Amino acid sequence: MRVLGVDPGLTRCGVGVVEGTAGRPLRMVGVGVVRTPAEADTADRLVLIERGIEQWLDEHQPGFVAVERVFSQHNVRTVMGTAQASAVAMLCAARRGLPVALHTPSEVKAAVTGSGRADKAQVGAMVTRLLRLDAPPKPADAADALALAICHIWRAPAAGRLQQLAAAQRRTTAPVRLPKGTR
């Protein structure tokens with residue numbers, strides 16, 4: 001399984017590609033950051049993010065895209081930019097027919113470090129260890145993108161099984177229809 005992780009942001013959008021399967025050693029394929037100038041118009045910045053993500057999709061050919069789910073912060077402006085960058089990543093994936101998964105920050109932290117309250121340094125250290133890297137990826141947005149991809153690789157098999165079970169249950173539990181006149 002090859003996953004592009006995207007840590008959305010308007011100024012720095014972390015991207016990282018990880019390959020592997022749950023229970024096996026993982027391999028980093030690539031990591032980086034799509035940057036946009038803070039002084040540029042928002043629409044132009046979103047175009048730059050779209051071009052950057054498209055380039056990553058072309059170069060690395062992932063089968064899945066994992067994007068950090070935007071959560072509420074106190075700074076509405078920051079949330080808006082993050083949500084817009086997130087939407088661009090989802091759009092790029094959907095345009096190619098790639099499945100998109102959204103993972104919360106605490107879900108990613110718990111998957112990678114064992115604690116949903118881990119700090120950036122702990123996430124970076126575990127990403128470094130899990131991918132057998134010499135040093136933590138910099139900036140933290142890049143490490144977060146790799147953590148998203150790792151989280152998805154580890155959680156996708158369980159999520160797939162749950163979806164299959166739910167579909168099977170829907171097929172076997174048809175609605176009960178009572179004969180006319182009985183209630």
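Me: How should I read the place of C92 in this structure: is C92 buried or exposed?

Reply: The general idea is that buried means under 20% relative accessible area, exposed over 50% and partly exposed in between, computed with a 1.4 Å probe on protein chains only. In this case C92 is buried, with a relative accessible area of 0%, and the value for C13, which is also buried, is 0%. Please keep in mind that this is a predicted model, in which local features need pLDDT of at least 70 and side-chain atom pairs count only at pLDDT 80 or more, while totals for chains, interfaces and linings use all residues. Residues are numbered from 1 along each chain as its sequence is written, and side-chain values use heavy atoms, with hydrogens and water left out.

Me: Which residues of α4 are buried, and how do I read their arrangement?

Reply: An α-helix has 3.6 residues a turn, so residues three or four places apart point the same way. In α4 the buried residues are V123, G124, V127 and T128. Seen down the axis of α4, they fall within an arc of 135 degrees (the arc of the directions from the helix axis to the C-beta atoms), so they line one face of the helix. A121 and R129, on the other side of α4, are exposed.

Me: Which residues of α3 are buried?

Reply: In α3 they are P105, V108, A111 and V112. Around the axis these residues cover an arc of only 135 degrees, which puts them on the same side of α3. After α3 comes G114, with a positive phi near 95 degrees.

Me: What caps the N-terminal end of α4, and what comes just after this helix?

Reply: The cap is D119, which has a side-chain oxygen 3.2 Å from the backbone nitrogen of A121. Just after α4, R132 takes a positive phi of about 55 degrees, although R132 is not a glycine. R132 is found in the loop between α4 and α5, and with 55% relative accessibility R132 counts as exposed.

Me: Where is Q61, the other residue I noticed with a positive phi?

Reply: Q61 lies in the loop between α1 (42-60) and β4 (64-68). Its phi is about 50 degrees, although Q61 is not a glycine, and at 55% relative accessibility Q61 counts as exposed.

Me: Which peptide bond is cis?

Reply: The bond from K138 to P139 is cis, with omega near -5 degrees. P139 sits in the loop between α4 (120-130) and α5 (140-172).

Me: What volume does the largest pocket have, and which residues lie nearest its centre?

Reply: On a 1 Å grid over the protein atoms alone, where a 1.4 Å probe is used, a pocket is an open set of points with protein on both sides within 12 Å along at least five of seven lines, and lining residues have an atom within 4 Å of a point. The volume, meaning the space filled by probe spheres set on the points, is about 670 Å³ for the largest pocket. Its lining has 29 residues, of which P8, G9, L10, T78 and T82 lie nearest the centre. The elements giving two or more residues to this lining are α1, α2 (76-95), α3 (105-113), α4 and α5, and α2 gives the most, with 5 residues.

Me: Where is M80, and which helix holds it?

Reply: M80 belongs to helix α2 and, at 45% relative accessibility, counts as partly exposed. The C-alpha atoms of M80 and V70 are separated by 9.1 Å, the two residues being 10 residues apart along the chain.

Key. Helix = DSSP H or I, 4+ residues; strand = E, 2+ residues; numbered from the N terminus. Polar contact = N/O pair within 3.5 Å; in protein donor to acceptor, adjacent residues only side chain to side chain.
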